[in-house]
Amino acid sequence: MHTLWFILPHILIFPHRMLGLRRTSNVHDETYKVYYNYADMTDRLQGFSKDYAHICSFFSIGQSVEGRQLWVMRITTNPSMDVPGKPRFKYVGNIHGDEALSRQLLVYLIEYLLTQYGRDTRVTELVNRTDIYIMASMNPDGFERAVEGDCTGSSEGRENTKHYDLDKSFPDRHESVSKPSQDLPEVTAVMKWILEKKFVLSGSLHGGSVMATYPFDDASSYATSRLTADRALFSHLAQTYTENHPVMRMDNPGCPEDPEKGSQDGRMQDYNFFKGNCFEVTFELSCCKYPPASQLFTEWGKNKESLLAYIHQVHIGVRGFVMTRLGFGLPDATISISGTDHNITTWMFGDYYRLLLPGRYDVTASSPGYLSNTLKNVPVIEGRATVLNFTLDKPVEEMLMLDSIEKPVVTSDGRNTRGPPTSRSPIHTLDFRYHSYGEMEMFLQLLSAIHPSITYLNSAGRSVQGRNLYVMEISTNPGIDQKGKPEVMFLGNLHGNEFIGREILLNLVEYLCRNYGQDPLVTRLVNSTRIHIMPSMNPDGYELALKAHNKRVPGDLSIIGHSNGRRVDLNANFPKRSGLKNTVEAETQAVIKWIKDHFFVLSASIRGGFRGVVYPSSLDSVDEDLFKSVAKSYYAQSQAFIGPQTCDVPRARGKKAIKHHRPVVTGIDLLTWAYQSADTLAVNIGLSCELLPPENLLSEYWEKNHKALLNFIQQVHLFVRGIVIDGHSGKGIANATVMVEGSSHLVHTSSTGQYWRPLAPGSYHITASAPGYTPISTSVRVLDTRVEQVDFKLTRDMLQPSAEEGEQKDFEKLVERLLFPRYLDQLVRSLLPAQTLRYRTYRERSEFLRGLTLNFPRITRLYSLGQSTEIRTIWALEIAGNLEISQAAKPKIRFVAGVHGNAAVGPELLLEFASVLCLNYGRNPAITKLIDRSRILILPCVNPDGREQAQEGFCSSSKGYTNAHGTDLDTDFFYGNASAQPETRAVMNMIYGGGFSLSVVLEGGSLLATYPYDRPNQHAQNEETLRYLASLYASSHPLMHLGTLQCPDKSEKFPGGILRGADFSAHTGSMKDFSLDVGVCPEITIYTGCCLFPAERQLFSRWMENRLPLFRMLLEVHRRLSGVVRDSKGRPMPDAVVVLNGSMNVHADSQGHFTTLVAPGTHQLLVQAHGYQQKLQQVNISSGKVTSPIVIDFTADTASQSQAVFVIATVSLVSVLICALLIWHLRSAKFSHIRDWVRWFRRKRDVLQMEAMASEKSPLRQEFLDESESEDDPFQVEDH
């Protein structure tokens, strides 16, 4: 069994290969049976670098004494460049040549990181967020002399060729070098590497023992004092590795004494700490320095988890940037922490990373020539770094001098001239000059790293020469279609030699980022608008033109770089409506897709070679008025067009033929294409007569135009906007068409049904239409002082089903197919496995969940339900499609585990379940549709405190069963329980929120499924349905349905593997009873196996047993009984109650919708609502069919009216009888008294009649009010 467990990961790779997800490999599959010599290792690593070039680079930092390369594998995104915002981590192995295990394990780690990227969420997160460097062998010469199987080693293999121990040959804190560099080229190369990269965290891997050590090997009192403040941090880093290593954590490896070990000056880990900014821990991996190759796979299994967990620690503490007031990053600035004299310094971009344990710290940033800046009481939380940016000022005297004195500029003839006017616009990191592609790329990445909350940097595609077409989106919650936010687009460098547009847009990107939260207008625009900026559409042409410009190449600069890398004019490359797709260049295709994927209201291409605002030449009059209005507004805000120039565009027409050399013309221009084929209305804004104006004038162009550019963004908020919704469901209709009479330009709605239509002031007739709906038209008057909101409510065309209905029918067919066990089994077997099964601590579980949300942000949302007794977060992970829009109509299911901390299997099964769902979203159509139409809530651990206490391998231990207060949480769920435990309260609040159709709870200690109630002597009203749900899970389980419990201390039989909770373990205050009674949500508890905390290797078999039942329960919520209750006018009735089979009440929500799960069969529905006659309806539910939603329409209830008539008739009859008696006694002596009494009675009768008439109306009073009537005057009569 042990051997089977180790080979399973290799078997699971098979589906990936079958699906073609594994690229053609230049290296053979790993056998874990042989050590690689220098040549073999080199070949293997080079093969990896070819197969995975997108995430790794392979290089040498130097050579050994015998000329062997000191190879390093760098693994990260964008591996060919240094990127700000990523901490640098390194592993170094084989420092001693005879300690060979580390060398081999690091080769395995390289392969694991590369092959699991994009599959394993944790690996993907690590590679995305970390700059990882791995040197498998620092002493390749010594390794070649070492002997396999030699456990004690020898100096021949341990030392380098010059007989130096490399680990003990680093200079101590007083030295710059310790030994002759020609004798220690390996040490010299590594020292240079350490100083250059400023690594944040490092691991040094050795052999000969099983333990972790950290500085200082220098035993001096000075070294000891330096360590005091960081000792706890080093201990934590060391424990991270040891806790995940099955032998090292035992703290008693039983290895023989190694005479080479011991304190000595000059160890590499000390050098990292004193000189290199880096915390390094040394890990001894095995008692045998060079174990036989037959043990390699076992050793990899012992160390893999530790190696990965240790890398994660590079993301703790504080991180950020140190910048000048002008926004420049400050390299080599010092970061100091109160209470320790160990300081670190910033890297080349001014970024820093200081590892710290949770707590509060005073953090100081300082740099020579600047005033230091201290932030006090900075909180550091567990598991992630606190972002802390510093801005350092010059001393006051120096700042005053800078403000009052213009700096001279040295010209080519050696004379001093006055510099350009200082920019009065806010902070700039970007200097006013022309920047190369690499500089632009670095600048955008830097801004994205500094301002992650308002920026989203992505590539719309690549140029023909492979350069990225970068797009920076600037908005709150960037990258998400947000209700109420219009989109605006800027594009530069349409022609490569039009430099000015690119530079102005780079400055605009920075201006928006730097001034967000400081400038009211910028803040308002970023909060309310999605601003998309592509600084360079033609980077290939730009690089060619920039090279010619810098080298002063003779020739016509209006030609060089004008076209793309294939000599095609991109502004004449957009397809005509009848154009051929194969004539469209890569850059043009990317821009077309970018525009089509968004709903830009206005677009502007920033150009050079002319001045003015240009719009399409062929326009409808309606849109020409709009374009003139946009142009007029730009001219009014810009200071650039005060004096006329020869290249100015005539303002009367805003269109001028711009003649440039066009090598190849294959289509139409961008403006015409956008007007005819896209939603956006696009203009060209020319800023200078010159294509390449002098660099010293760039600041002047920016000063004169940046206000006009901001105004252009603001204009998208001053037009007509609205939403197109389905009149039946109230949902927004995506891709509906909005047309203005007199214009052929159409706009379409976004995914949420929103639209924006730019129009000049005036009166218009607007029509909204969508396939399957009846068009609606309305008139609107547009003013220049406000936005006009025009909403449309479309009704479906009964003759033509809507696209939404068609998709729903297709989904129902999919569900019905999967309800057959054979097809569901085929689906589950075809899914990509996540392979994440292992036991996790609270911290690791938290990191794993955050990793899922980072890698799958479109379908996951992680939030806290509350905190445990010991202040651990109780996480909830929601998985659903289109999280940014309302999810009310989707069925909602929750999966819960860890109510008892010692039942450790459930949390890991749910994390694997979540990983499989996320990994297959977008890859498997069935899973994609299920996620898009479901709301899946995963609560992996209700009792994190108890889980931390539980112990692996203890099948029946009660340690961790309760929370930290000693309370069994499953006995604490009582309605109104004021003294509920914090864990219970968090889950109760979630249940109070309602909306769940089903809850599945995973437990341990047995093998069966139980259903409510747990409390004794009471049966649930819908027990038939509850029993059915439990049987569904059990019947899908390969063992549970047998009903034979073969646990060591139990040998009972449960027919079908199901049992009522009270018959299994009767108790009160259970979560499933509370869920059913208060949350009106059926809940079943699944006991996944006899052992509460089995060995980790058994997790895989538990997963294989439970994965099919978990998916079956997800399907079941789509087989629900659902419907809507409406009044006589078709409006939803939120107070309606559906009584199921005379016993169970189901309440309609605020939209009149109701839903419940029921067992197959015939069911009676009695629907009640205040003021209406109750309705009885019968429905048939099939186990293999999806039941269509039912609609229950009420008519006005006449019961109250009949009661009022009866009262009036009764009163009238009594009055007649009394009057007859009075006439008979008309002449009696008491006539006068009776007459008075009769008069009083008549008055009371009249009042009673009026009250009866009012009561006839009051239960439905709102139903009788016309929309134009008010409550105060319900009988308002219109004058004629």
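Mentor: Let's take the overall makeup, then the rings, the helix packing and the backbone.

Trainee: Fine, what should I know before reading any numbers?

Mentor: This is a predicted model, so local features need pLDDT of at least 70 and side-chain atom pairs count only at pLDDT 80 or more, while totals for chains, interfaces and linings use all residues. Residues are numbered from 1 along each chain as its sequence is written, and side-chain values use heavy atoms, with hydrogens and water left out.

Trainee: How many helices and strands does the protein chain have?

Mentor: The protein chain has 35 helices and 48 strands. Those are DSSP runs numbered from the N terminus: helices are H or I with at least four residues, strands are E with at least two.

Trainee: And what share of the residues is buried?

Mentor: Of the 1280 residues in the protein chain, 56% count as buried. Buried means under 20% relative accessible area, exposed over 50%, and partly exposed in between, using a 1.4 Å probe and protein chains only.

Trainee: OK, rings. How many aromatic pairs are there?

Mentor: Searching the whole structure gives 44 aromatic pairs. Rings of Phe, Tyr and Trp (its six-membered ring) pair if their centres lie within 6.5 Å; planes under 30 degrees apart are stacked, over 60 edge-to-face, and the rest tilted. One of them is Tyr133 with Phe199, an edge-to-face pair at 5.4 Å centre to centre and 80° between the planes.

Trainee: Where do Tyr133 and Phe199 lie?

Mentor: Tyr133 is in strand S4 (residues 131–135) and Phe199 is in the loop between helix H8 (185–197) and strand S5 (201–206), so the pair ties together parts 66 residues apart in sequence. Tyr133 is buried at 0% relative accessible area, and Phe199 is buried at 0% too.

Trainee: What about Phe820 and Tyr823, how are their planes set?

Mentor: Their planes are at 90° with the centres 6.4 Å apart, so that pair is edge-to-face. Phe820 is partly exposed at 48%, and Tyr823 is partly exposed at 22%.

Trainee: Which charged end sits over the ring of Tyr370?

Mentor: That's Lys394, 4.4 Å from the ring centre. The test is NZ of Lys or CZ of Arg within 6 Å of the ring centre and within 35 degrees of the ring normal. Back at Phe199, Lys90 lies over the ring face, 5.5 Å from the centre.

Trainee: Switching to helices: at what angle do H8 and H11 pack?

Mentor: H8 and helix H11 (residues 268–275) pack at about 35°, with axes 10 Å apart. Axes are lines fitted to C-alpha atoms, for helices over the stretch in contact, and angles run from 0 to 180 degrees between N-to-C directions.

Trainee: Which residues meet there?

Mentor: Val190, Met191, Ile194 and Leu195 in H8 meet Met268, Tyr271, Asn272 and Lys275 in H11, where contact means heavy atoms within 4.5 Å. The residues of this contact divide into 6 nonpolar, 1 polar and 1 charged. Here Ala, Val, Leu, Ile, Met, Phe, Trp, Tyr, Cys and Pro count as nonpolar, Asp, Glu, Lys and Arg as charged, and the others, Gly among them, as polar.

Trainee: Last topic, the backbone. Which peptide bond is cis?

Mentor: The one from Pro1012 to Tyr1013 is cis, with omega near 5°. Tyr1013 sits in the loop between strand S39 (1006–1011) and helix H29 (1023–1036).

Trainee: And what is phi at Asn493?

Mentor: Phi is near 60°, a positive value in a residue other than glycine. Asn493 is in the loop between S20 and helix H15 (499–515), and counts as buried at 0%.
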